[in-house]
Amino acid sequence: MGQIEDLRLFVQVVASGSISKAAGELGIAKSAVSRRLSLLEDRYGTRLVDRSPGHWDLTEPGRELFQRASRVVSDVDDIEDDFLSSGTAPSGPLSISIPRDFGHGFLNVALIDFQARHPDIQLTVDFDDRLVDLARENYDFAIRITETRPEDAIALKLGTVEHCLFASPDYLRQHPAPQSIEDLQQHRLLHFGWARRTVWEFQTQKGKRQQLEFQPALNSNSGAFLLDATIQGHGISRLPDFIVTGALTAGQLVPLLPDIAVPAWGIYLLHAREHRLNRRMRLFAEKIRAACLSGLGNEPQVPAPD
């Protein structure tokens with residue numbers, strides 16, 4: 001346990017940003033923290049922190065150790081929490097990465113309710129569409145919406161997202177509604193992404209796959225922005241069901257090509273393969289899975305082994 005405590009001290013030093021602050025938070029002398037940090041550097045044979053008067057910064061090995069040590073310390077704390085505190089309220093940090101539009105548009109209520117039910121869990125929610133590295137970054141979970149099941153992490157499928165083509169009534173008054181996939185080439189197409197040329201995939205009623213390659217009239221990484229642009233009559237977009245419900249109810253959007261399907265995408269809750277589910281993570285997984293099943297009307301999925 002001595003090595004674990006040394007790693008815990010190192011994590012505290014990095015999180016605090018200085019040896020003196022870490023010493024105060026740990027309740028020990030600054031000289032003791034400095035000495036244990038030096039011993040840790042001697043053990044690993046490398047400089048972990050560049051420190052001099054007025055300067056303090058992690059070295060590259062220090063950053064690597066911080067990432068890995070944070071996970072080790074967290075795992076030890078999780079063991080303590082699971083086995084010594086089974087009768088008490090769950091507590092501790094929980095960091096989640098969630099796609100921006102899906103999180104804000106669909107999960108806000110569930111996330112806030114989870115925090116209200118478990119106030120001792122320090123929940124950190126990062127609304128970001130980038131692909132986080134669960135093995136190296138300090139995230140317990142990532143929620144991702146993809147066409148194929150991710151293979152670089154343990155994945156629990158929470159449900160599916162249906163996509164459809166939409167235009168506004170104003171746009172359709174000025175442009176004849178497309179009657180086929182080929183007709184889409186004559187329209188302004190709004191695309192989620194950055195590609196100068198991209199491909200949309202469709203499936204006919206007979207199960208035939210068909211692709212449409214085109215140059216988008218408008219690109220964006222924000223589904224909410226594309227929704228607004230579509231409502232305002234700037235073109236045809238391919239949007240997910242969770243983002244269009246209100247606009248459809250209000251008559252602001254018209255579905256197009258109802259006989260042509262867009263392949264459904266899966267919603268996955270991911271965690272690193274080497275990270276066992278702790279009590280906090282299990283509670284979160286149950287909450288988000290229930291929210292997705294009730295809100296999207298999906299059939300229950302069998303959890304992947306962790």
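**Stop 1: the largest pocket**

The largest pocket holds about 540 Å³ of space. A pocket here is an open set of points on a 1 Å grid over the protein atoms alone, where a 1.4 Å probe fits and protein lies on both sides within 12 Å along at least five of seven lines; lining residues have an atom within 4 Å of a point. Grid points are joined across faces, edges and corners, and the volume is the space filled by probe spheres set on them.

Before you click on, note that this is a predicted model, in which local features need pLDDT of at least 70 and side-chain atom pairs count only at pLDDT 80 or more, while totals for chains, interfaces and linings use all residues. Residues are numbered from 1 along each chain as its sequence is written, and side-chain values use heavy atoms, with hydrogens and water left out.

Now select Pro-99, Asp-129, Ile-145, Phe-192 and Trp-265: of the 20 lining residues, these lie nearest the centre of the largest pocket. Elements that each supply at least two residues of this lining include α5, β5 (141–146), β6 (154–167) and α8 (241–249). Helices (H or I, at least four residues) and strands (E, at least two) are DSSP runs, numbered from the N terminus. The lining has 12 nonpolar, 4 polar and 4 charged residues. In this count, Ala, Val, Leu, Ile, Met, Phe, Trp, Tyr, Cys and Pro are nonpolar, Asp, Glu, Lys and Arg are charged, and the others, Gly among them, are polar.

**Stop 2: the second largest pocket**

Pick Ser-70, Arg-71, Ser-74, Pro-93 and Asn-138, the closest to its centre among 18 lining residues. Which helix gives the most to this lining? Colour α4 and you have it, with 8 residues. By class, the lining of the second largest pocket splits into 6 nonpolar, 6 polar and 6 charged residues.

**Stop 3: the cores**

Show Leu-94, Phe-102, Leu-107, Ile-143, Leu-269, Phe-284 and Ile-288, which have the most contacts inside the largest nonpolar core, a group of 36 residues. Such a core is a set of buried Ala, Val, Leu, Ile, Met, Phe, Trp, Tyr and Cys residues joined through side-chain atoms within 4.5 Å. Buried means under 20% relative accessible area, exposed over 50%, and partly exposed in between (1.4 Å probe, protein chains only). A second, separate core has 19 residues, including Ala-23, Leu-37, Leu-48 and Val-73.

**Stop 4: salt bridges**

There are 15 salt bridges in the structure (a side-chain nitrogen of Lys or Arg within 4 Å of a carboxyl oxygen of Asp or Glu). Select Asp-113 and Lys-287, whose N and O atoms are 2.5 Å apart in one of these bridges. This pair links distant parts of the chain, with Asp-113 in helix α5 (residues 100–117) and Lys-287 in helix α9 (residues 279–296), 174 residues apart. Asp-113 is partly exposed at 24%, and Lys-287 is partly exposed at 23%. Then try Glu-201 with Arg-209, bridged at 2.9 Å. For a network of salt bridges, show Asp-6, Arg-36 and Arg-43.

**Stop 5**

Finish at Leu-257, in the loop between β12 (254–256) and β13 (262–271). Leu-257 has a positive phi of about 45° although it is not a glycine. Most residues other than glycine have a negative phi. Is Leu-257 buried or exposed? At 8% relative accessibility, Leu-257 counts as buried.
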